[in-house]
Amino acid sequence: MAQPGDLLFSKEHEWVKIDGDTATIGITDYAQNSLGDIVYVELPRIGTQVEQYGSVGVVESVKAVSDLFTPIGGEIVEINGELENDPALVNREPFQGGWMFKVKLTNGAQTSGLLSPDEYEKLVAE
Amino acid sequence: MTMQAPAAKRTALYDEHVRLGARLIPFGGFDMPVQYSSILKEHEAVRHRAGLFDLSHMGQFILEGENVAEWADKLTVNAVSTMKPGQARYNIFTNERGGAHDDVIFYRLPEVWLLVVNASNAEKMWAHLNANLAGSGVKLTSLHGRNALVAIQGPKSVEMLRKHTGVDIAALKYYFCVEGSVYGKRAVIARTGYTGEDGFELFVDGADAQEIWNNLLRDNEQGGLIPAGLGARDVLRLEAGMPLYGHELTEEITPIQAGLDWAVKLGKPEFTGKAALEAQKSADEYARIVGIVMDGRAPAREGYHVFLGDRRVGEIRSGSIAPSVQNKNIATALVDKDAAAPGTPVVVHIRGTAYGATVVQLPFYKRSQ
């Protein structure tokens, strides 16, 4: 499946959408499909400073607990509260309603090491 | 010569699992389907209609001879000698400390006994049984990996299976078994299962398994029968309060600790571990398996620590979200006696944070009929 064109991707299967000085982050369709039914998402606290590729939470499926990393550094300014009551939203809409948190880019957008849609598509096709 | 890890074996239904898009994981020495579509969808099908499981990884042993029951009575906690032909019974092979080598089911057929052991314990149990055969006159044969085991589980199981069997399965009582046929193929049909629902386990020749599996799925597609994997099975059995070896029962955790007193017949003259179990039960100071319901959304997982106030009183042994328990997070825990009363408020530590939970009576789920 083609990856949405306006996103960047991490090798840990997160996506990031940069809009001005704010980045929205979620996990990819490939990631949600690999995990299976998602039953719990633990997100960082608003106001936390996070570093690129740092661990910021967990995503739990019926069988497994997986770390959630942030593909971009900055300050957590918003989290998706919908996921508390409906974590399966990540399965249904990984790139839309299933977004996880927003980061304010304090030092500009540091996107080094992130993959383009084509590069990510190649990664998951392997 | 180079040493290689043994490749996972395949059940007779391996090709079907691949064709159905299953996610396969090595389990008990076999590549087994953990899920086909979704664990939660498969769970829902079993609770409301029916699911079809491949359990061919489980160890199937045949016991023959006049003294099987007397012999088995000395190695296990439950009564074997009182079983009638056509009866099935849950049992546990114990060590001298009362811990569990394995939990099993004995099926008494007209001529022989079928013993079904856990896949993860099949080799250990094969060795244990053989080590105890000398002088018993009991003959032991392994059908492991040769015979298949297909289970249909769910409230519609009778309706889905009855047209295709040579015997009246509706009349077969819970925990009874009969030699019959399914789609004209020889089968031992048992009304047993590990899901908390009505259902049947079909012991068939590996060569017949594909045909039976595919026919059942084809003929019951309209009725909602879907293949279900080991992931759904684990959620179903946990809700139903059934122990899983390695979690609620181990070489260290005894059947008394696991709350399986009903299966421990201390009135039997002798069996391995009897003295230890008697002493444990009468002293009544042992840590025990309890049910836990989490207050919030965070799932409790195996190994998480359980606290009563500031004191650590035990640990989680199994945990899952429970669609049949209002979608709460449920778990089993091995806890000290003073934390084991239903209603006790406890705390489960998850990644350094304390989450409230309550001790409850097992099982979490009981079907209505």
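In what order do the six strands of the open sheet in chain A come? In this predicted model, the order is β1-β2-β3-β9-β8-β5, and the pairing is antiparallel. Look at the two ends of that list: β1 (8-9) and β5 (49-50) of chain A are the edge strands, each with a single partner, so one side of each has no neighbour in the sheet.

Now hop over to chain B and find two helices, α2 (residues 39-48) and α7 (residues 230-239). Their axes come within 8 Å and cross at roughly 55°. That angle is why α2(B) counts as oblique to α7(B), and the crossing is right-handed. Who does the touching? On the α2(B) side you have Ile39(B), Glu42(B), His43(B) and Val46(B), while α7(B) brings Gly231(B), Ala232(B), Val235(B) and Leu236(B). Sort that contact by class and you get five nonpolar residues, two polar and one charged.

Twelve residues of chain B are in contact with nine residues of chain A. On the chain B side, α2, α7 and the strand β16 (311-322) each supply at least two of the residues that touch chain A. By class, this side of chain B splits into six nonpolar, four polar and two charged residues.

Terms used
Residues numbered from 1 in each chain as written. Chains lettered and ligands numbered in written order. Predicted model: local features only at pLDDT ≥ 70, side-chain atom pairs only at ≥ 80, totals over all residues. Axes fitted to C-alpha atoms, helices over the stretch in contact; angles between N-to-C directions. Helix = DSSP H or I, 4+ residues; strand = E, 2+ residues; numbered from the N terminus. Parallel < 35°, antiparallel > 145°, perpendicular 65-115°, else oblique. Left-handed = near helix turned anticlockwise from the far one by under 90°. Contact = placed C-beta atoms within 7 Å. Nonpolar A, V, L, I, M, F, W, Y, C, P; charged D, E, K, R; others polar. Pairing = 2+ DSSP bridges.
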